[in-house]
Amino acid sequence: MIAASSELTTFPDAARGQLGWLATLTVAFVALAFSAAPLVAQRSVYIEDLTWPEVQQAIQSGKTSAIIYTGSTEQNGPHMAIGKHNFIARYVAGAIAIKLGDALVYPTLPFAITGDPVKKTAHMRFPGSVTLAPQTFRSVVHDIALSAIDAGFKNVFIMGDHGDGQDILGAVAKELDGQWKSKAVRIFYVPDVYFKEKQQAHAYETAHGITTHDVHAGTDDTSELMALDGQHRWIRNDKLAPSEGPQTARTGVDGDPTKASAALGDIFLRYKVDDAVLQVRHLLGLR
């Protein structure tokens, strides 16, 4: 299980014996956190943790990539906290930044397109969900990206943890890239962190005999949050129950969270990080 907190130490919990990429990220964090270099603040890759001179200095020292990762505030059934996407997005964005080595992370956008609040459709049928109109969502993402450009970042990577609005993220990146490419500033959409990871997670489940309907708040979603829920704040184990079809309208769950585990979550989170890093490097023409 990956321990989660408000600091960059949301990275892997070595006490659970996680190896490979988890251990690598832990070592990377320790190296950054206790670096002897006094001129560059490397306590965190999260912009919200830094002062403006620290951000400026980081950019001047080579951290010229910005990550904008959108989450969502939406119901996730009786068993899982409404902030699921935001908790996952913040962790994954930080892990991507550390692995890239030249990136800082903008605060997670906690709101997305989740239904109609007047007609009470989709997630907006359940208390606690928050929705943005498509044009509002587009404008906010657009303006965050412009802020990153204004700060001096040369590459801006836009990605999201929630399904609705992925097309808007791509459209914003394409529009801004067309306007700024001639000025040596690039803006890219990174869809693999969402779509490719979903395919990989479902393929892994199938290959390991976990044949389950898995659309929302099911095995993959619940596993990812379990892996981050080291303090047992976000999962209600006594509420885990499969739900689909007519039941979904009542529970909000469309899948089977009873098959979820922190071990699966570790694997699926790794997919997200690796998929994003690989695509970013491809977009930049790197190997």
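Predicted model: local features only at pLDDT ≥ 70, side-chain atom pairs only at ≥ 80, totals over all residues.
User: Which side chains make polar contacts with the side chain of His85?
Analyst: Glu74 and Asp161. The side chains of His85 and Glu74 make a polar contact of 3.2 Å. The one between the side chains of His85 and Asp161 is 2.7 Å.

User: Is His85 buried or exposed?
Analyst: Buried. The cut-off is under 20% relative accessible area, and His85 counts as buried because its relative accessibility is 6%.

User: Which helix is His85 found in?
Analyst: Helix α3, which covers residues 84–100.

User: OK, stay with α3. At what angle do α3 and α9 pack?
Analyst: About 50 degrees, with the axes 9 Å apart. That angle makes α3 oblique to α9. The crossing of α3 past α9 is right-handed.

User: Which residues in α3 and α9 meet?
Analyst: From α3, they are Ile88, Tyr91, Val92, Ala95, Ile96, Lys99 and Leu100. From α9, they are Leu269, Lys272, Val273, Asp274, Ala276, Val277, Val280 and Arg281.

User: Where does α9 run, in residue numbers?
Analyst: Helix α9 is residues 262–283. Asp266 has its place in that helix too.

User: Is Asp266 buried or exposed?
Analyst: Asp266 is buried, because its relative accessible area is 4%, and buried means under 20%.

User: How far apart are Asp266 and Leu228?
Analyst: In sequence, 38 residues. In space, Asp266 and Leu228 are 8.5 Å apart, C-alpha to C-alpha.

User: Switching to Glu224. Which helix is Glu224 found in?
Analyst: Helix α7, residues 219–228. Glu224 is buried, at a relative accessible area of 2%.

User: What is Glu224 in contact with, leaving aside neighbours within four places in sequence?
Analyst: Ile88, Glu197, Gly265, Phe268, Leu269 and Lys272. Ile88, Leu269 and Lys272 are also among the residues where α3 and α9 meet.

User: How far is Glu224 from Phe87?
Analyst: The two are 137 residues apart in sequence. Their C-alpha atoms are 9.8 Å apart in space.

User: Now the loops. What is phi of Lys120?
Analyst: Near 55 degrees. That is a positive value in a residue other than glycine. Lys120 is in the loop between β2 (103–105) and α4 (134–151).

User: Is Lys120 buried or exposed?
Analyst: Exposed. Lys120 has a relative accessible area of 52%, and the cut-off for exposed is over 50%.

User: And Ala184, what is its phi?
Analyst: Phi of Ala184 is near 65 degrees, again a positive value in a residue other than glycine. Ala184 is in the loop between α5 (166–180) and β4 (186–189). Ala184 is exposed, with a relative accessible area of 56%.

User: Zoom out. How many helices and strands in the protein?
Analyst: There are 9 helices and 6 strands.

User: What percentage of the residues is buried?
Analyst: Of the 287 residues, 53% are buried.

User: Last one. Of contacts with a separation of 6 or more, what share comes from residues 24 or more positions apart?
Analyst: Those account for 72% of them.

Conventions
Residues numbered from 1 in each chain as written. Heavy atoms only, no water. Helix = DSSP H or I, 4+ residues; strand = E, 2+ residues; numbered from the N terminus. Buried < 20%, exposed > 50% of the residue type's maximum accessible area, 1.4 Å probe, protein only. Polar contact = N/O pair within 3.5 Å; in protein donor to acceptor, adjacent residues only side chain to side chain. Contact = heavy atoms within 4.5 Å. Axes fitted to C-alpha atoms, helices over the stretch in contact; angles between N-to-C directions. Parallel < 35°, antiparallel > 145°, perpendicular 65-115°, else oblique. Left-handed = near helix turned anticlockwise from the far one by under 90°.
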